[in-house]
Amino acid sequence: SIGFTVTTGFVSAGHCGTPGSVATDGSGALLGYFQASTFPGNDYSYVGAASGTNLYGYVYGYDGYYYYVHGSSEMPEGSSICRSGSTTGMYCGTVQAKNQTVNYQEGVVYGLTQTDVCAEPGDSGGSWLSANQAQGVTSGGSGNCTSGGTTFFQPVNPILSAYGLSLVLT
């Protein structure tokens, strides 16, 4: 899943692709190419948009609605938060803990935010929003959207900073 639109492309999770990998939409149309990717350690990537790709300052929730992005102010623990993913759509919950370390099979990732929101394979890289503020991209977790789960996201501001990117805002 795509995280957020930036002025020259998109940000997503690092485990979603390596530099040179192709990014496509659900119907296989070219969106762009991964320009940079970090995983493990961090879990973020930057996709440079293909020529002719429209870059909008909102997130599609896979529920028929678009959610506007007005900035990237980080919300505190206890805040309500929602995430969008191409597999399961839009789910909401609460920010439980910040600066968490997660041991994935591929290695350790630091600085993640823990939530009580479910996610499933294919939701990785998807957007996390709170009060129209970009929060991060889906990294991983446990459980599923039938029984519930815990999901971690990579905060978005470190991604923007690492690659010198700016969000497209509405």
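**Note on the disulfides and the barrel**

1. Cys 118 and Cys 145 are both buried (buried is under 20% relative accessible area, exposed is over 50%, and partly exposed is in between, with a 1.4 Å probe and protein chains only). This is a predicted model, in which local features need pLDDT of at least 70 and side-chain atom pairs count only at pLDDT 80 or more, while totals for chains, interfaces and linings use all residues. Residues are numbered from 1 along each chain as its sequence is written, and side-chain values use heavy atoms, leaving out hydrogens and water.

2. Cys 118 and Cys 145 form a disulfide, with 2.1 Å from S to S (a disulfide is a pair of cysteine sulfur atoms within 2.5 Å). The link of Cys 118 and Cys 145 is right-handed, with 100° about the S-S bond. Cys 118 sits in the loop between S10 and strand S11 (127-130) and Cys 145 in the loop between S12 and S13, so the pair ties together parts that are 27 residues apart in sequence. Strands (E, at least two residues) and helices (H or I, at least four) are DSSP runs, numbered from the N terminus.

3. The structure has two disulfides. One of them joins Cys 82 to Cys 92, at 1.9 Å from S to S. The torsion about this S-S bond is about 105°, so the disulfide of Cys 82 and Cys 92 is right-handed. Cys 82 belongs to strand S8 (residues 80-85) and Cys 92 to strand S9, so the pair ties together parts that are 10 residues apart in sequence. Cys 82 counts as partly exposed because its relative accessibility is 23%. Cys 92 also counts as partly exposed, at 47%.

4. With the bonded cysteines of the protein numbered in sequence order, the pairing is 1-2, 3-4. Cys 16 is in no disulfide, and the nearest cysteine sulfur, that of Cys 145, is 16 Å away. Cys 16 is partly exposed, with a relative accessible area of 32%.

5. Six strands form a closed barrel in the order S8-S9-S10-S13-S12-S11, with antiparallel pairing (two strands pair if DSSP finds at least two bridges between them). From one strand to the next, the twist averages 55° (axes are lines fitted to C-alpha atoms, for helices over the stretch in contact, and angles run from 0 to 180 degrees between N-to-C directions).

6. Which strand pairs with S9 (residues 89-104) over six bridges? Strand S10 (residues 107-115) does, in the antiparallel sense. Tyr 104 stands opposite Gly 107 in S10. Helix H1 (residues 156-163) packs on the sheet and touches strands S12 (133-144) and S13 (148-155) (contact means heavy atoms within 4.5 Å). The direction of H1 makes about 30° with that of S13.
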